[in-house]
Amino acid sequence: MMTYDFTSAENKVIIHINQGLILGDYNNDRTRMLAKTFVSKEMLFDSQVSVDNEVAEMRDLDQ
């Protein structure tokens, strides 16, 4: 299951999946998201991995 965050940057979204992150854009009413970049977990810095792990833990609690 994926989770997503609407960033403070206008029309940007971060989608968290088990394999890594998808970075992209969404339209103004948030009905469509456009994936632009995939970043695998292996490409993340250690500090980014810890944040992604926290998101994964929160996602698992919701299930």
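Colleague: Among contacts in the protein chain between residues at least 6 apart in sequence, what percentage joins residues at least 24 apart?

Modeller: This is a predicted model, in which local features need pLDDT of at least 70 and side-chain atom pairs count only at pLDDT 80 or more, whereas totals for chains, interfaces and linings use all residues. Residues are numbered from 1 along each chain as its sequence is written, and side-chain values use heavy atoms, with hydrogens and water left out. Contact means heavy atoms within 4.5 Å. Among contacts between residues at least 6 apart, the part joining residues at least 24 apart is 17%.

Colleague: In what order do the elements of the protein chain run from the N terminus on?

Modeller: Helices (H or I, at least four residues) and strands (E, at least two) are DSSP runs, numbered from the N terminus. The protein chain has one helix and four strands. Their order is β-β-β-β-α.

Colleague: Which residues make up the largest nonpolar core?

Modeller: A nonpolar core is a set of buried Ala, Val, Leu, Ile, Met, Phe, Trp, Tyr and Cys residues joined through side-chain atoms within 4.5 Å. Buried means under 20% relative accessible area, exposed over 50%, and partly exposed in between (1.4 Å probe, protein chains only). The largest such core has five residues: Val-13, Ile-15, Ile-17, Ile-22 and Tyr-26.

Colleague: Which strand gives the most to this core?

Modeller: Strands β2 (12-17) and β3 (20-26) each supply at least two of its residues. The strand giving the most, with three residues, is β2.

Colleague: Which residue in β4 stands opposite Ile-22?

Modeller: Two strands pair if DSSP finds at least two bridges between them. Strand β3 runs antiparallel to β4 (residues 33-40), and seven bridges join the two. Opposite Ile-22 stands Phe-38.

Colleague: To which side chain does a polar contact of 2.9 Å join Asp-25?

Modeller: Asp-25 lies in strand β3 and counts as buried because its relative accessibility is 16%. Leaving aside residues up to four places away in sequence, Asp-25 touches Asn-11, Lys-12, Val-13, Arg-32, Met-33, Leu-34 and Lys-36. A polar contact is a pair of N or O atoms within 3.5 Å; within protein, one must be able to donate a hydrogen and the other to accept it, and residues adjacent in sequence count only if both atoms are side-chain atoms. The side chain joined to that of Asp-25 at 2.9 Å belongs to Lys-12.

Colleague: What distance separates the C-alpha atoms of Glu-10 and Asn-28?

Modeller: Glu-10 lies in the loop between β1 (3-6) and β2, and is exposed because its relative accessible area is 65%. Glu-10 and Asn-28 are 18 residues apart along the chain, and their C-alpha atoms are separated by 9.1 Å.
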